[in-house]
Amino acid sequence: MILVNTDYISGKELEMIGLVKGSTIQSKHFGKDLAQSFKTLVGGELKAYNEMMNEARELATKRMIEEAESLGADAVVNVRYASASVMQGAAEVMTYGTAVRFK
């Protein structure tokens with residue numbers, strides 16, 4: 001599956017199938033959440049949250065790809081990511097794009 005953040009793929013003529021998306025809501029367990037709270041007092045990278053967001057983007061992308069494959073897509077163009085805080089220590093990540101077939 002080809003994923004691009006442009007509305008075209010060089011050398012390919014595309015037939016649009018439609019919007020596809022994938023999402024997840026992730027959180028860290030209480031111990032890591034508490035440790036990260038203390039980290040905010042001194043500053044620096046919040047590695048546990050960074051890992052959480054990377055895992056969430058990966059899972060959301062996987063779900064988007066699965067939806068595109070179920071529609072018979074060869075690629076997804078205009079791929080975008082969005083995130084939102086759901087509650088303290090939890091975030092939703094969504095990825096979306098346009099599923100296409102090669103002509």
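Analyst: We can go through the fold, the sheet, the charged pairs and the surface in turn. Keep in mind that this is a predicted model.

User: OK, what does the secondary structure of the chain come to?

Analyst: The protein chain has two helices and four strands. Along the sequence they follow the pattern β-β-α-α-β-β.

User: In what order do the four strands sit in the sheet?

Analyst: The order is β1-β3-β4-β2, in an open sheet with mixed pairing. The edge strands are β1, residues 2–3, and β2, and each of these pairs on one side only.

User: How many bridges are there between β2 and β4?

Analyst: There are 13 bridges between strand β2 (residues 14–27) and strand β4 (residues 90–102), and the pairing is antiparallel. For a spot to look at, find Ser23, which stands opposite Met94 in β4.

User: And how do β3 and β4 pair?

Analyst: Strand β3, residues 75–87, also pairs with β4 in the antiparallel sense, over 10 bridges. Ser83 is opposite Val93 in β4, and Val77 has Thr98 of β4 as its bridge partner.

User: New topic. How many salt bridges are there in the whole structure?

Analyst: A search finds four. In general, side chains of opposite charge can pair when their charged atoms come close.

User: Which residue does Glu15 meet in a salt bridge?

Analyst: Glu15 meets Arg101, with 3.6 Å from N to O. The pair links distant parts of the chain, since Glu15 is in strand β2 and Arg101 is in strand β4, 86 residues apart.

User: Is Glu15 buried, exposed or partly exposed, and why?

Analyst: Glu15 counts as partly exposed because its relative accessibility is 35%, and that class lies between the cut-offs of 20% and 50%. Arg101, at 31%, is also put down as partly exposed.

User: What about Glu67, which residue is its partner?

Analyst: Glu67 forms a salt bridge with Lys21, and their closest N and O atoms are 3.5 Å apart. This pair links helix α2, where Glu67 lies, to strand β2, where Lys21 lies, across 46 residues of the chain. Glu67 is partly exposed at 22% relative accessibility, and Lys21 is partly exposed at 40%.

User: Now the surface. Which residues gather in the patch of negative charge?

Analyst: Glu45, Glu51, Glu55 and Glu58 gather there. Take Glu55 as an example: its place is in helix α2, residues 47–70, and it is partly exposed, with a relative accessible area of 42%.

User: Which residues make the nonpolar surface patch?

Analyst: Ile25, Val86 and Met87 make it, and the area is about 310 Å². Met87 lies in strand β3 and counts as exposed because its relative accessibility is 55%, where the exposed class begins over 50%.

User: What share of the residues count as buried?

Analyst: Of the 103 residues in the protein chain, 32% count as buried.

User: Last one: where is Lys103 found?

Analyst: Lys103 is in the segment after β4, and it counts as exposed at 65% relative accessibility.

Definitions and conventions:
Residues numbered from 1 in each chain as written. Predicted model: local features only at pLDDT ≥ 70, side-chain atom pairs only at ≥ 80, totals over all residues. Heavy atoms only, no water. Patch = residues over 30% accessible without salt bridge, like charges linked within 9 Å, V, L, I, M, F, W, Y side chains within 5 Å. Areas by Shrake-Rupley, 256 points an atom, 1.4 Å probe, with all protein chains shown as cover. Salt bridge = Lys/Arg side-chain N within 4 Å of Asp/Glu carboxyl O. Lys, Arg positive; Asp, Glu negative; His and termini not counted. Charge placed at Lys NZ, Arg CZ, Asp CG, Glu CD. Buried < 20%, exposed > 50% of the residue type's maximum accessible area, 1.4 Å probe, protein only. Pairing = 2+ DSSP bridges.
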